[in-house]
Amino acid sequence: MGNMLALLLSLMAVTAAATASAETLKVAVAQRGFWNSTFIDIGLKQGYFKEAGLDLEILYTEGGASTLTPVIAGSIDIAMTNGVLGVVAAYAKGMPVKIISAEATGAAEAFWYARPESGIKRLADTTGKTVAFSSPGSSTNLILLQLVNQTRVAPKLVATGGASGTLTQVMSGQIDVGWSVPPFVLQQLADGRLLIIARGSDVKALAQQTIRVNVANANALKERRDAFVRFVRVLSRAIDWAYSDPAAIDNYAEIAKVPRALAQQTRDEFFPKEALQLAEVKGLDVTLKQALEFKYIAAPMSIADAQGMLDTLYRPDTKQ
């Protein structure tokens, strides 16, 4: 009995020491329930963050400024899945932001939809109509601006927040065209209540361009760099699990509260794993030109000018 008690006390001491030594990172995650926003949940559920000596405090947001602003203010350490235009704009204004990894390259997952009775069947039908994006500087903002330029159409672009709220606005007739990312709206599409009028993949130029990034507060990164490196390594590990473990689809269906078939469709049709690479912010030269064209920055910014914004922490050739 005495030996068992001693062993129990020893285990409790080890657990307490591990908990005490864990570092806490405050993380803002955009659009809860999206496939790519669940990698944080996976890392927590699988114990990967705990193994890396990290505790997380999570703030879920609707993207854009609501994710980036607290990082700039220093109340949040890391902002996940930020539209790259918003980050460039913040950096150009001298804000303490660092891109610590790519998040999404290409735009295969985003699409725009309308009610069949609206008569809108394609983006070319939207001149004078209201077309949604999530928030200024977001990836949906960038994609939509590119789609509009490419189609040579003149809709009224409206920031509508999250995918769920946008759907409500479309169904109630407040907005003509909504934006979404699976699994949101897939059921309504299958039921014939909505139809897709444009896809992010329609913009071929975006295929090799990183449109979303993960961002850190520059001051926090400088002070606790090792914790941020561990965070990105865990993120990579969680992504690998999501594309290799048979339980990943069931896990996502539970998180997103959708049927398993829609969860499977979301991953397999809209989120190719290669689009979620963390190592390289691709097409930055194009992004900087777009930032100027769409008035996110007031003066041209070169690749050299933007180097101070980049501090990518993931290295595929290192042990994860």
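**Close-up 1. Strand E10, an enclosed strand.** Eight of the eight residues of E10 are buried, so this strand is largely enclosed by the rest of the structure. Here, buried means under 20% relative accessible area, exposed means over 50%, and partly exposed lies in between (1.4 Å probe, protein chains only). Strands (E, at least two residues) and helices (H or I, at least four) are DSSP runs, numbered from the N terminus. This is a predicted model, in which local features need pLDDT of at least 70 and side-chain atom pairs count only at pLDDT 80 or more, while totals for chains, interfaces and linings use all residues. Residues are numbered from 1 along each chain as its sequence is written, and side-chain values use heavy atoms, with hydrogens and water left out.

**Close-up 2. The open sheet around E10.** Five strands line up in the order E2-E1-E3-E10-E4, forming an open sheet with mixed pairing. Strand E2 (54–61) and E4 stand at the edges with a single partner strand each, so one side of each has no neighbour in the sheet. From one strand to the next, the twist averages 25°. Angles run from 0 to 180 degrees between N-to-C directions, and axes are lines fitted to C-alpha atoms, for helices over the stretch in contact.

**Close-up 3. The partners of E10.** Two strands pair if DSSP finds at least two bridges between them. Strand E10 (residues 210–217) is joined to E4 by seven bridges, and the two run antiparallel. Look for Thr105 with its bridge partner Thr210, and for Lys98 with Ala216. Strand E3 (residues 78–83) also pairs with E10 in the antiparallel sense, over four bridges. There, Gly83 has Arg212 as its bridge partner.

**Close-up 4. Ser101 in strand E4.** Ser101 sits in strand E4 (residues 97–105). Ser101 is buried, with a relative accessible area of 0%. Leaving aside neighbours within four places in sequence, Ser101 is in contact (heavy atoms within 4.5 Å) with Val213, Asn214, Val232, Leu278 and Thr312.

**Close-up 5. Helices H11 and H12 crossing.** The axes of helix H11 (residues 247–256) and helix H12 (residues 260–270) come within 8 Å and cross at roughly 110°. The two helices are therefore roughly perpendicular to each other, a term for angles of 65 to 115 degrees. On the H11 side, the contact is made by Ala248, Ile249, Asp250, Tyr252 and Ala253. On the H12 side, Arg260, Ala263, Gln264, Thr266 and Arg267 take part.

Methods. Parallel < 35°, antiparallel > 145°, perpendicular 65-115°, else oblique.
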